Amino acid sequence: QVIKCKAAVLWEANKPFSIEEVEVAPPKAHEVRIKIMATGICRSDDHVVTGGLLMPFPIILGHEAAGVVESVGQGVTSFKPGDKVIPLFVPQCGECKSCLSTKGNLCSKNDIGAAAGLMPDGTTRFTCKGKAIHHFISTSTFTEYTVVHESAVAKIDAAAPLEKVCLIGCGFSTGYGAAVQTAKVEPGSTCAVFGLGGVGLSAVMGCKAAGASRIIAVDINKDKFAKAKELGATDCVNPKDFKKPIHEVLIEMTGQGVDYSFEVIGRTETMAAALACCQYNYGMSVIVGVPPATQKITFDPMLLFTGRTWKGSVFGGWKSKDSVPRLVADYMKKKFVLDPLITHTLPFTQINEGFDLLRTGK
């Protein structure tokens, strides 16, 4: 049965979202149709609006959510209607090289890089005003109902509060995992986190959970500092307060630079600064923010020759299908908090106001 429901459609770049009635087709073989109960707003969605992340239009964005299975397609055995689930923007097919490797988590079935904006079979499940609407990175959660492939959804604890654990679908897991999973921060180490949005704050939480003794939070918006300290930052630094480059400030603060640095913004200048501020021989810098399309980065190769490691991290390095249910279970056991990451709760129809709050740093 086709479901008619509300969705926030982005018809073209640099325009507001348009709340439209869309038709959502039934799930085909190995697909799951989900009623979305809560979705977070992430800067990566905004990168599509501004053209920093290239995607085909028209499109239904959103990738950080939780919901309830409404129906399943033929051959789906691991989900049934009524199951609580989190859609996964990094699928886990279990068969590709990355899925089979203990070192990898970016399943080759992902639709992030050269995005088609379609289901794995090359078609879409969304129609609006007679037009086909594209999917966004295997998820599309800015809609009351969505359809995902069974490799791109995880079943979670039935008791989990969906309006909180939706953050495990992206922001929390991405930042927290960059520290504990990708960098493997050690007890007693010194860390710097560039960017204190939801993902950056989650990276701060990850550094603290891993036992870092010093966590330096860096942001040009000083309004972010109180929450960063609440979640574990020991120092807060505003680059605007200094005449010299921020990496020099951090090296002076720490003696030889930090053990681990995290760029959680998606700007080439801060990526270069994060690399330069880590210890010259064994420091590791992790790129967590989505890099802007078409921009290149230039750096002195001596920075790497002396021994530094420069790494990227997608979805915190977690194997999605395996890890999301475990992270939800950890949240239920109070191993970490999510409430401080939620600043506003809005009705779906006010999605544009939500994005305004994101863009103004609120």
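Contact here means heavy atoms within 4.5 Å. With that in hand, let us walk through this structure.

This is a predicted model, in which local features need pLDDT of at least 70 and side-chain atom pairs count only at pLDDT 80 or more, while totals for chains, interfaces and linings use all residues. Residues are numbered from 1 along each chain as its sequence is written, and side-chain values use heavy atoms, with hydrogens and water left out.

**Overall build**

The chain holds eleven helices and 15 strands; both are DSSP runs numbered from the N terminus, with helices being H or I of at least four residues and strands being E of at least two. For 362 residues, a compact globule would have a radius of gyration near 21 Å, and the 20 Å of the chain agrees with that. That radius is taken over C-alpha atoms, and the globule rule is 2.2 Å times the number of residues to the power 0.38. Along the principal axes, the C-alpha atoms fill a box of roughly 65 × 40 × 35 Å.

Of the 362 residues, 52% count as buried, where buried means under 20% relative accessible area, exposed over 50%, and partly exposed in between, with a 1.4 Å probe and protein chains only. Among contacts between residues at least 6 apart in sequence, 71% join residues at least 24 apart. As for charge, there are 39 positive and 34 negative side chains, and the centres of the two sets lie 2 Å apart. Lys and Arg count as positive and Asp and Glu as negative, with His and the chain ends not counted; the charge is placed at NZ of Lys, CZ of Arg, CG of Asp or CD of Glu.

**Two domains**

The domain assignment, whose bounds come from an automatic or database source, gives domain 1 (3-171 + 317-360) and domain 2 (183-312). Their centres, taken over C-alpha atoms, are separated by 28 Å. Twelve residues of domain 1 are in contact with 13 residues of domain 2.

| Helix | Residues | Buried residues |
|---|---|---|
| Helix 1 | 43-50 | six of eight |
| Helix 8 | 268-276 | seven of nine |

In helix 1, the buried residues are Ser44, Asp45, Asp46, His47, Val48 and Val49. Helix 11 (351-359) is included in what covers them. Asp46 itself counts as buried at 4% relative accessibility. Leaving aside neighbours within four places in sequence, Asp46 is in contact with Phe355, Leu358 and Arg359. Just after helix 1, Gly51 takes a positive phi of about 90°.

Helix 8 is largely enclosed by the rest of the structure, because seven of its nine residues are buried. Those residues are Thr268, Thr270, Met271, Ala273, Ala274, Leu275 and Ala276. Their cover includes strand 10 (190-194), helix 7 (246-254), strand 13 (260-263), strand 14 (284-287), helix 9 (302-305) and strand 15 (309-312).

**A loop residue**

Leu341 sits in the loop between helix 10 (320-332) and helix 11. With a relative accessible area of 15%, Leu341 is buried. Not counting residues up to four places away in sequence, Leu341 touches Leu167, Phe172, Gly198, Leu201, Ser202, Met205 and Leu231. Leu341 and Thr234 are 107 residues apart in sequence and 18 Å apart in space, C-alpha to C-alpha.
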